[in-house]
Amino acid sequence: MNFKSEVEAANSLHADYKKLLEEIGKKIYGQDEIIKKVLISIFSNGHCLLVGVPGLAKTLLVNTIAQVLDLKYQRIQFTPDLMPSDIIGTEILNNERKFNFIKGPLFANIILADEINRTPPKTQSALLEAMQEKMVTVNGKNYEIEKPFFVLATQNPIEQEGTYPLPEAQLDRFMFSIYLDYPKLEDEISIVENTTCGKEIALDKIISGEKISYYQKLIQKVPINRNVLEYAVNLAAKSRPNTEFSHSMANEYINWGAGPRASQYLVIGAKAHALLSGKYSPDIEDVKEVAVSILRHRIMKNYKAEAEGISVEDIIKELIK
């Protein structure tokens, strides 16, 4: 990238982000905050879990984002009979009686893991390795996945029968857990109006994989004040019950809290949020903006919280105060 300075590069990221929002907005209505968080996770080199009931355009959202990014995209529909070889690939005996590795759909830049909780743990673990290590292992051989690499997974919170809930270790690999709610009435009117008239919407490619990789490194270099860094780390520490820094709400309502990966994501997420908002350094408000989506799936509430109807989001809001 031919930028004269990092400030110029930061301005370019902000401009590209506005173009992305405008382009995605041609197909997705009233989900600006959701789109922003997905883009933050992409620029932060993280993965994203989208949770919502059927029909809220989770899949369409990911499809649309993939269309405006000049990246290789694959969708994997997770089912109970899906095997690891179905997603990572398999070795096949060729005419010369040698094994050739045929790459599976996991070898792409953006992966839509649709209904990730519907596939058995063995296949979930194969995806876990790819998410963490950016490579897969087949018969003792390692195969690197091209960067940038993002997994955007969807999950339906209603139907739990016949599903395989993601273990905490795998949930922790996702930077964000984003909850989608029903659209506002005016947004739903726009959705219905624009999707029932037969209008074809063509989307332009806004940004390349090379530029995304450059922006990821740029975000890592963003300076952060010591007080903001300490606030982010303390916020994660407050969620851990019966420790030196635990919050009273954590001691009363949490079984276990967020680990160090949450602290890392709070800092990198705040840096990305600051640059996308047109700032050059994050403040405490940037940490607060990303806190709920980062901590939500890393905090396990106890029976008392369940009995009193206290949600994880309620606890996080108290920790932020």
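Q: Which residues does Leu295 touch, leaving out those up to four places away in sequence?
A: In this predicted model, Leu295 touches Leu235, Ala258, Ala262, Leu266 and Ile316.

Q: Which residues have the most contacts inside the largest nonpolar core?
A: Leu295 is one of them, along with Val38, Leu39, Phe43, Leu69, Leu235 and Leu266. The core has 72 residues. Helix H11, residues 260-276, gives the most to this core, with 9 residues. At least three residues of the core come from each of domain 1 (6-210) and domain 2 (222-320). There is also a second, separate core of 28 residues, and Leu106, Met131, Phe149 and Leu171 are among its members.

Q: How is the size of an interface often given?
A: It is often stated as the accessible area that is lost when the parts come together. Here, about 2,000 Å² is buried between domain 1 and domain 2, and carbon and sulfur atoms give 61% of that area. On the side of domain 1, Asp172, Met175 and Ser177 lose the most area to domain 2, together 25% of what that side buries. In terms of contacts, 23 residues of domain 1 meet 21 residues of domain 2. The C-alpha centres of the two domains lie 24 Å apart.

Q: How many polar contacts and salt bridges cross between domain 1 and domain 2?
A: The rule finds 12 residue pairs in polar contact across the interface, and 2 salt bridges. Elements that give two or more residues to the domain 1 side are helix H1 (6-24), helix H2 (32-43), helix H6 (168-171) and strand E10 (176-179). The largest share of that side, 6 residues, comes from H1.

Q: Is Arg118 buried or exposed?
A: Arg118 has 16% relative accessibility, so Arg118 counts as buried. The side chain of Arg118 forms a salt bridge with Glu115, 3.1 Å from N to O. Glu115, at 22%, counts as partly exposed.

Q: Where do Arg226 and Glu230 lie?
A: Both are in helix H9 (residues 226-238), 4 residues apart, which is about one turn of the helix. Arg226 is exposed at 58% relative accessibility, while Glu230 is partly exposed at 40%.

Terms used:
Residues are numbered from 1 along each chain as its sequence is written. This is a predicted model: local features need pLDDT of at least 70, side-chain atom pairs count only at pLDDT 80 or more; totals for chains, interfaces and linings use all residues. Side-chain values use heavy atoms; hydrogens and water are left out. A nonpolar core is a set of buried Ala, Val, Leu, Ile, Met, Phe, Trp, Tyr and Cys residues joined through side-chain atoms within 4.5 Å. Buried means under 20% relative accessible area, exposed over 50%, partly exposed in between (1.4 Å probe, protein chains only). Domain bounds come from an automatic or database domain assignment. Contact means heavy atoms within 4.5 Å. Buried area is the accessible area (1.4 Å probe) that two parts lose on being put together, summed over both. A salt bridge is a side-chain nitrogen of Lys or Arg within 4 Å of a carboxyl oxygen of Asp or Glu. A polar contact is a pair of N or O atoms within 3.5 Å; within protein, one must be able to donate a hydrogen and the other to accept it, and residues adjacent in sequence count only if both atoms are side-chain atoms.
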